[in-house]
Amino acid sequence: MFSLFYGLWKYIFSLPPDRIVPTVGLNIGRIEVSNTKLVFWDLGGQPGLRSIWEKYYEEAHAVIFVIDAACPPRFEDSKSALEKVLRHEDLQGAPILILANKQDLSEALSAEELARYLDLKKLDERVYMYEAASAFDGMGIKEGVERLVEVMERSKRTETLRMRAGLQA
Ligand SMILES: Nc1nc2c(ncn2[C@@H]2O[C@H](COP(=O)(O)OP(=O)(O)OP(=O)(O)O)[C@@H](O)[C@H]2O)c(=O)[nH]1
Ligand SMILES: [Mg+2]
């Protein structure tokens, strides 16, 4: 539900929209952005699948959290799921990109309004990026991912994870 990786999948795999099905298990996508090789783990957002998320936290360099801005009945649930992600100790220091998705739909809440609802101002001490996005027409996705990569490359967490991977290799 939250990953809404529809557009990212189009971007990574060129999948037509009618091939997009709810994520059960894991989709893996690899792309190169700004000379950095990226591996995306797309996890299903259905409530019953969320307990799997934390199994990936320890190894994650960064997080993308996608919110359906056109679905007000799910905002409260999105907000508490996001807060839980941010609080998790295995994700300490991981930069996070929050996407206010579905901006192509007229009924979508603007990114500003959604940010107010999510109370993002409270997140000041956390490294986060926030972007109005549409997986449908690509709005905000490339920009968001590029900003995330830039911050990720400079983060202490990335340095630590790379060192750990180097030691294991
Ligand atoms: N109009 C519009 N539709 C979108 C956009 N992003 C996703 N959709 C549609 O929303 C539906 C859900 O998209 P998914 O990619 O399956 O959503 P998801 O968050 O990955 O769902 P889970 O895999 O269950 O977590 C699909 O029918 C998509 O075509 C968008 O930016 N605009
Ligand atoms: Mg999905």
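Modeller: Helices (H or I, at least four residues) and strands (E, at least two) are DSSP runs, numbered from the N terminus. This is a predicted model, where local features need pLDDT of at least 70, side-chain atom pairs count only at pLDDT 80 or more, and totals for chains, interfaces and linings use all residues. Residues are numbered from 1 along each chain as its sequence is written, chains are lettered from A and ligands numbered from 1 in the order in which they are written, and side-chain values use heavy atoms, leaving out hydrogens and water.

Colleague: What pattern does the chain follow along the sequence?

Modeller: The pattern reads α-β-β-β-α-β-α-β-α-α, with five helices and five strands.

Colleague: Where does threonine 23 lie, and why is it called buried?

Modeller: Threonine 23 is in the loop between α1 (6-13) and β1 (26-33). Buried means under 20% relative accessible area, exposed over 50%, and partly exposed in between (1.4 Å probe, protein chains only). Threonine 23 has 12%, so it counts as buried. UniProt, in an unreviewed entry, places the feature "binding site" at Thr23; such annotations may be inferred rather than shown by experiment, and positions follow the numbering used here, with feature names shortened.

Colleague: What makes the pair threonine 23 and aspartate 42 a polar contact?

Modeller: A polar contact is a pair of N or O atoms within 3.5 Å; within protein, one must be able to donate a hydrogen and the other to accept it, and residues adjacent in sequence count only if both atoms are side-chain atoms. The side chains of threonine 23 and aspartate 42 are joined at 3.4 Å, so the distance is within the cut-off.

Colleague: Which other residues carry the "binding site" feature in UniProt?

Modeller: The unreviewed entry places that feature at Gly45, Asn101, Lys102, Gln103 and Asp104. Glycine 45 sits in the loop between β2 and β3 (63-68) and has a relative accessible area of 1%, so it is buried. Aspartate 104 is in the loop between β4 (96-101) and α3 (111-118); with 32%, aspartate 104 falls in the partly exposed range.

Colleague: How do you know that aspartate 68 and lysine 102 meet in a salt bridge?

Modeller: A salt bridge is a side-chain nitrogen of Lys or Arg within 4 Å of a carboxyl oxygen of Asp or Glu. Here the N to O distance is 3.1 Å, so the pair qualifies. The two lie in distant parts of the chain, aspartate 68 in strand β3 and lysine 102 in the loop between β4 and α3, 34 residues apart. Aspartate 68 is buried at 8%, whereas lysine 102 is partly exposed at 26%. Salt bridges that share partners also join Asp68, Arg74 and Lys102 into one network.

Colleague: What makes arginine 154 exposed?

Modeller: Its relative accessible area is 61%, which is over 50%, so arginine 154 is exposed. Arginine 154 also forms a salt bridge with glutamate 150, the closest N and O atoms being 3.7 Å apart.

Colleague: And why does threonine 158 count as buried?

Modeller: Threonine 158, in helix α5 (residues 156-168), has 1% relative accessibility, so it counts as buried. A polar atom of its side chain lies 2.8 Å from the backbone oxygen of methionine 152.
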